[in-house]
Amino acid sequence: MSSLDRRRFLWGTTAVGTAALLAGCTSNESANTAPNAVAGGSGQNSQPGKAVTIGFSAPAADHGWMAAMTKNAKAQADRFSDVTFKATEGTNDVNQQIGQVETLINDKVDVLVVLPFDGKALTEVGRQAMDAGIPVVNVDRIFDTPLAYRLWIGGDNYRMGVNAGEYIVEQMKARNVGNPIIGEVAGIDSLPLTQERSKGFRDALARAGFSVGPRVSASFTSESGEQQTANLLQSAAKLDALWNHDDDQGIGVMAAIDSASRKEFVMVGGAGSRNMMDLIKADSGVVKATVLYSPSMASSAIALARLLGQTKGIGDMAEHDVPASITTYSAVVTKENVDQYLDVGFDS
């Protein structure tokens, strides 16, 4: 086991691990028959219980990761005979999403699952729900105060950057590259999530005496990924490694790399799309790994909302209640372990 593999084991729960934690308490089917990206298992809590109506609100499914979040939430709810799933139409209009959540509150759903377009902007409506006695599961983009949610579940942006950086460090040492030129295709720089990812990446490289070289910022879209990566490649005649923050924009990143006929470097993706996993498995190009920020968290959010609605805890935990916070782990998917993660890969 490599040093990075040992740290992955010690640091946290992967998307698969989260599902395993929920196993025995959330599923009406066996794990062997579970569809993709759902939490499954068997046990006392898996049996149908009190009927629970779960309201769900998320931004527009306008890119692969967000579409997978909504799809996974519905798929998980459909597995439970005791769950009624009430989803609003996805929107990137903050005021419209607030209105949709208010409608769900007025409908007196039992539990709310909310992935806000803007966590700060939807904080107040989250508090309204909590004040009305409706537990809120806040997914990923966190509200400004824990008073606005009963449970937060989301990814670890800083660790995502750390793990990408440590994988690249290992690759550079394995190739005896002492002073590597390392590029970065970030997401939207004004977003805290991008800032956290970049900081983790810098910190991991710095521990090995490395640093980020050419860097560009894209917009989580294929078009921006292609344009910004073309700019980066034009400015850097040679690269040893490249980290792209987001596998949705990675389609454009790969298009730019192919167009420039560049293949001298190692590339790491971000989020865990099925497209990137297929490239990793083929092992015929620059893509050697992707760091998970998996939309399987939406499946877990629904499973946890059901438990909250039924006043149950998580199987295999001593506590009687569902925790207040769950951070999913940003596992590094490589050729060696890609088959383990194909079930949580999403279409870009």
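Domain 1 (50–149 + 295–328) and domain 2 (157–291) each supply at least three residues to the lining of the largest pocket; the domain bounds come from an automatic or database domain assignment. The model is predicted: local features need pLDDT of at least 70, side-chain atom pairs count only at pLDDT 80 or more, and totals for chains, interfaces and linings use all residues. Residues are numbered from 1 along each chain as its sequence is written, and side-chain values use heavy atoms, without hydrogens and water.

The largest pocket holds about 960 Å³ of space. A pocket is an open set of points on a 1 Å grid over the protein atoms alone, where a 1.4 Å probe fits, with protein on both sides within 12 Å along at least five of seven lines; lining residues have an atom within 4 Å of a point. The lining numbers 36 residues, and D140, R141, L191, L193 and F220 lie nearest the centre. Helix α7 gives the most, four residues. By class, the lining has 14 nonpolar, ten polar and twelve charged residues.

Helices α6 (residues 157–174) and α7 (residues 192–207) cross at roughly 35°, their axes coming within 6 Å. Axes are lines fitted to C-alpha atoms over the stretch in contact, with angles from 0 to 180 degrees between N-to-C directions. This crossing of α6 and α7 is right-handed. The contact (heavy atoms within 4.5 Å) comprises ten nonpolar, four polar and six charged residues.

The axes of α3 (residues 64–78) and α11 (residues 296–309) come within 7 Å and cross at roughly 30°. The α3 and α11 crossing is right-handed. W65 and M69 of α3 are among the contact residues, as are I302 and A303 of α11. No charged residue takes part in the α3 contact with α11.

Definitions and conventions: Helix = DSSP H or I, 4+ residues; strand = E, 2+ residues; numbered from the N terminus. Left-handed = near helix turned anticlockwise from the far one by under 90°. Nonpolar A, V, L, I, M, F, W, Y, C, P; charged D, E, K, R; others polar. Points joined across faces, edges and corners; volume = space filled by probe spheres on them.
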